[in-house]
Amino acid sequence: MLNYSHTIPTKLYFGKGQIAKLAEILRPFGRKVLLAYGGGSIKKTGLYDQVMDILSDEGFTVVECGGIEPNPRIESVERGVKLCKEHGIDVILAVGGGSTIDCAKAIAAGVYYEGDDLWQMVAGRHGILKALPLVDILTLSATGSEYDGGGVISNMKINQKLGNSYTFPAASICDPTYTFTVSKYQTAAGTADIISHTCEEYFSRTPDSDLADGICETIFRTAIKNLPIALAEPDNYSARANLMSISSIACSGIPSYGKQSSGWPCHAMEHELSAYYDITHGVGLAILTPRWMRHILKKDPGCAWRFVRFAKNVWGLDGEDETELALAGIDKLEAFFRESGIPMTLSELGIGTEHFEAMAAHANLGGRLSRSFVPLTDADIVEIFEACLD
Ligand code: NZQ
Ligand code: ZN
């Protein structure tokens, strides 16, 4: 087990009705609020009106920054920074999914960025930055952005989608009832993202971090149990609450305690798919993960022990033959994604081979995936993309 140190400075307000605390949470930061939100789901669900009523009753001034895209664009970050500077914003309130929260994080840090080009901030090497205070109300269980300091911003002009550190939310209101309206597609994609975050931590060379591995296995089993319930009964509070609680933990760093990093290979590959084709993050991960697993198991049978553990402890499988058992666990995962109704091939998304080499080279920039759980070359990555075609 390796050494680790960890802090999460975000206060989670989890559960039904926690919005009652919104004014109290915001008040210490000031009166001028930038309200960041996406393409309008919060208007349809009534959450927008609820938030606006609280803010106006409690004497806050609101400047709106709506229309933040899924796979948020640098242009939205630029627009938000401009609004913050023009209006002397004290605090940002992001209401939405990971895209809105990520964009709000980059806006919060962008206000203090000294250069002229905010893309340089997104693409730069840095840790957590000085930023405006950020509070969020989560409406989709998926990314964990509500409980981490990272954000992912896209520049479609140059086909780049880059993750970076910006700021942690000061507080996140996580009310599972706000996810009752999430479509089946986004519910399944979000759960695939949670499962992928957990895979990226679980598939590590460190064999003896029992706490972290046990947390990962609990997250997997929680997702496997609750996704089908949430799909069948969108307003099942218990299922939605379980998905929301694993959303926050899976990407928090806790499931990696004491473990060697896997290098997050599926995320590196998926960000390339989104950068070129603007696909839903969780769908890209669901397609990639089983193909990546089969590829690395074949390339390095020495990692089979990890897959055997996955098959036994997550899927309850058993058997004598290590390789068969390892492959059976992967098949189970793929079938689970397929049954959730999301596309499971790149062809279904209209993606062909034309950019695979450029995408592989960028995913592996600086040889970073040569240091992953099973080292990957550019050629390996192209093969994994090819295996995803059908
Ligand atoms: O934009 P609106 O109208 O709000 O609609 C959204 C959007 O169309 C809709 N939605 C959200 N909440 C809803 C709802 N529809 C009905 N009812 C609700 N309650 O769902 C759609 C997808 O929203 P989005 O925010 O894009 O989804 P998600 O939370 O999956 O975020 C994806 C983004 O986060 C990044 C991804 O790469 C992607 O850009 N990630 C961020 C991470 C982080 N900060 O740590 C880690 C992840 O690995 C990930 O890369
Ligand atoms: Zn993710």
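Buried means under 20% relative accessible area, exposed means over 50%, and partly exposed lies in between (1.4 Å probe, protein chains only). The model is predicted: local features need pLDDT of at least 70, side-chain atom pairs count only at pLDDT 80 or more, and totals for chains, interfaces and linings use all residues. Residues are numbered from 1 along each chain as its sequence is written, chains are lettered from A and ligands numbered from 1 in the order in which they are written, and side-chain values use heavy atoms, with hydrogens and water left out.

**View 1. A salt bridge between R73 and D278.** A salt bridge is a side-chain nitrogen of Lys or Arg within 4 Å of a carboxyl oxygen of Asp or Glu. The structure holds 16 of them. Here the side chains of R73 and D278 meet at 3.1 Å, N to O. The two residues are 205 residues apart and link distant parts of the chain. R73 sits in the loop between β3 (61-65) and α4 (74-87). D278 sits in the loop between α10 (265-277) and α11. Helices (H or I, at least four residues) and strands (E, at least two) are DSSP runs, numbered from the N terminus. R73 is buried, with a relative accessible area of 15%. D278 has 35% relative accessibility, so it counts as partly exposed.

**View 2. E334 and its partners R291 and R294.** Side chains of opposite charge can pair when their charged atoms come close. E334 meets R291 in a salt bridge of 3.9 Å, N to O. E334 lies in helix α13 and R291 in helix α11, so this pair ties together parts that are 43 residues apart in sequence. E334 also forms a salt bridge with R294, with the closest N and O atoms 2.5 Å apart. R294 lies in helix α11 too, so its pairing with E334 in helix α13 ties together parts 40 residues apart in sequence. R291 is buried at 6%. R294 is partly exposed at 28%. Elsewhere, salt bridges that share partners join D213, E217, K259, R306 and R309 into one network.

**View 3. I330 in helix α13.** I330 has a relative accessible area of 0%, so it is buried. Its C-alpha atom is 8.9 Å from that of T289. Along the chain, I330 and T289 are 41 residues apart.

**View 4. The zinc ion (ligand 2) and its protein donors.** Donors are N, O and S atoms within 2.8 Å of the metal (3.2 Å for Na, K and Ca); water is not among the atoms, so sites may look incomplete. H197 counts as buried at 3% relative accessibility. H281 is buried at 15%.

**View 5. A patch of negative charge on the surface.** The patch gathers D318, E320, D321, E322 and E324. Patches are made of residues with over 30% relative accessible area and no salt bridge: like charges are joined within 9 Å, nonpolar side chains (Val, Leu, Ile, Met, Phe, Trp, Tyr) within 5 Å. Accessible areas come from the Shrake-Rupley method with a 1.4 Å probe; for residues, only the protein chains shown count as cover. Lys and Arg count as positive and Asp and Glu as negative; His and the chain ends are not counted. The place of a charge is NZ of Lys, CZ of Arg, CG of Asp or CD of Glu. E320 is in the loop between α12 (304-315) and α13 (322-339). At 83% relative accessibility, E320 is exposed.
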